[in-house]
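Please read them with the structure open.

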Amino acid sequence: MTLAVDVSAFGKAMPKPTDWTSDDWATPPEIVRAFEVEFGPFDLDVCARPETKKAPRCYTKDVDGLAQRWVGRVWMNPPFSDPTPWVRKAHEETSTGSAALVVALLPAATDTAWFHDYVLGKAELRFRRGRIKFIGWKGTPIGSPKAGTVFAIYRRKALAGDPRPAGEP
């Protein structure tokens with residue numbers, strides 16, 4: 001008995017989806033897990049594709065996380081092409097007491113207006129040595145950004161009359 005096998009697809013790369021850009025690069029799970037050890041599991045991923053979300057709830061491009069309320073512990077890997085509205089929202093959501101915590105993975109663009117206006121002095125900063133190998137459309141590591149990255153950790157501010165400690169859900 002002879003078995004015929006079509007080998008024409010073997011060794012060929014999976015084509016990149018037409019809607020996938022570097023703004024869709026996903027955070028490697030081990031990075032998110034390290035923050036979950038420290039802060040507990042994330043409740044919401046505000047910049048996600050359904051297949052790469054880092055929390056049980058997520059906002060996608062179709063849902064527009066900038067137009068939604070953020071609550072609990074939030075993971076954010078915003079579009080590196082324009083993080084400004086995302087860091088502004090992270091600061092607002094923790095300042096008003098809506099979100100307890102926002103951990104943001106950002107380009108280390110310390111010379112930009114958005115960094116000085118919405119990150120510096122408003123979030124705890126953790127710089128990372130080396131470049132992150134982000135996850136691509138195949139679920140495997142792909143390239144690294146052109147510049148380094150920084151984690152900005154926004155915590156809920158203590159508000160008058162709020163019995164919850166600052167930074168706690």
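1. The sheet. Six strands make up an open sheet of mixed pairing, in the order S2-S1-S3-S4-S6-S5. Two strands count as paired if DSSP finds at least two bridges between them. Strand S2 (57-58) and strand S5 (124-127) are the edge strands; each has a single partner strand, so one side of each has no neighbour in the sheet. Helices (H or I, at least four residues) and strands (E, at least two) are DSSP runs, numbered from the N terminus.

2. Basis of the values. This is a predicted model, in which local features need pLDDT of at least 70 and side-chain atom pairs count only at pLDDT 80 or more, while totals for chains, interfaces and linings use all residues. Residues are numbered from 1 along each chain as its sequence is written, and side-chain values use heavy atoms, with hydrogens and water left out.

3. Overall make-up. The protein chain has 3 helices and 6 strands, and from the N terminus its elements follow the order α-β-β-β-α-β-α-β-β. Of its 169 residues, 41% count as buried (buried is under 20% relative accessible area, exposed is over 50%, and partly exposed lies in between, with a 1.4 Å probe and protein chains only). The chain exposes about 9400 Å², of which carbon and sulfur atoms supply 56%; the areas come from the Shrake-Rupley method with a 1.4 Å probe, and for residues only the protein chains shown count as cover. Among contacts (heavy atoms within 4.5 Å) with a separation of 6 or more, 66% are between residues 24 or more positions apart.

4. Strands S1, S3 and S4. Strand S1 (residues 44-45) and strand S3 (residues 72-76) run parallel and are joined by 2 bridges. In this pairing, Asp-45 stands opposite Trp-75 of S3. S3 is also parallel to S4, with 5 bridges between them; Gly-72 has Ala-99 in S4 as its bridge partner. How much of S4 is covered? Of its 9 residues, 9 are buried.

5. Helix H1. Helix H1 (residues 29-39) lies across S3, strand S4 (99-107), S5 and strand S6 (149-155), at about 30° to S6. Axes here are lines fitted to C-alpha atoms, for helices over the stretch in contact, and angles run from 0 to 180 degrees between N-to-C directions. The buried residues in H1 include Ile-31, Val-32, Phe-35 and Phe-39. They span an arc of only 95° around the axis, which puts them on the same side of H1; the arc is that of the directions from the helix axis to the C-beta atoms. An α-helix has 3.6 residues a turn, so residues three or four places apart point the same way. The cover over the buried residues of H1 includes S3, S4, S5 and S6. Just after H1, Gly-40 has a positive phi of about 95°.

6. Helix H2 and Lys-89. H2 lies across S3, S4 and S6, at about 160° to S4. Lys-89 sits in helix H2 (residues 84-95). Is this lysine, Lys-89, buried or exposed? Lys-89 is buried, at a relative accessible area of 11%. Its side chain reaches the backbone oxygen of Leu-66 at 3.4 Å. Leaving out residues up to four places away in sequence, Lys-89 touches Gly-65, Leu-66, Gln-68 and Trp-70.

7. The loop between S2 and S3. Asp-64 belongs to this loop and has a positive phi of about 60° although it is not a glycine. Most residues other than glycine have a negative phi. Asp-64 is partly exposed, with a relative accessible area of 34%. Thr-60 is found in the loop between S2 and S3 as well, but counts as buried at 17% relative accessibility. Apart from neighbours within four places in sequence, Thr-60 is in contact with Ala-48, Pro-50 and Gly-65.

8. Leu-120. This residue lies in the loop between helix H3 (113-118) and S5. Leu-120 is partly exposed at 40% relative accessibility. Not counting residues up to four places away in sequence, Leu-120 touches Phe-115 and Leu-125. The C-alpha atoms of Leu-120 and Ala-152 are 8.8 Å apart, with the two residues 32 apart along the chain.

Note on methods. A polar contact is a pair of N or O atoms within 3.5 Å; within protein, one must be able to donate a hydrogen and the other to accept it, and residues adjacent in sequence count only if both atoms are side-chain atoms.
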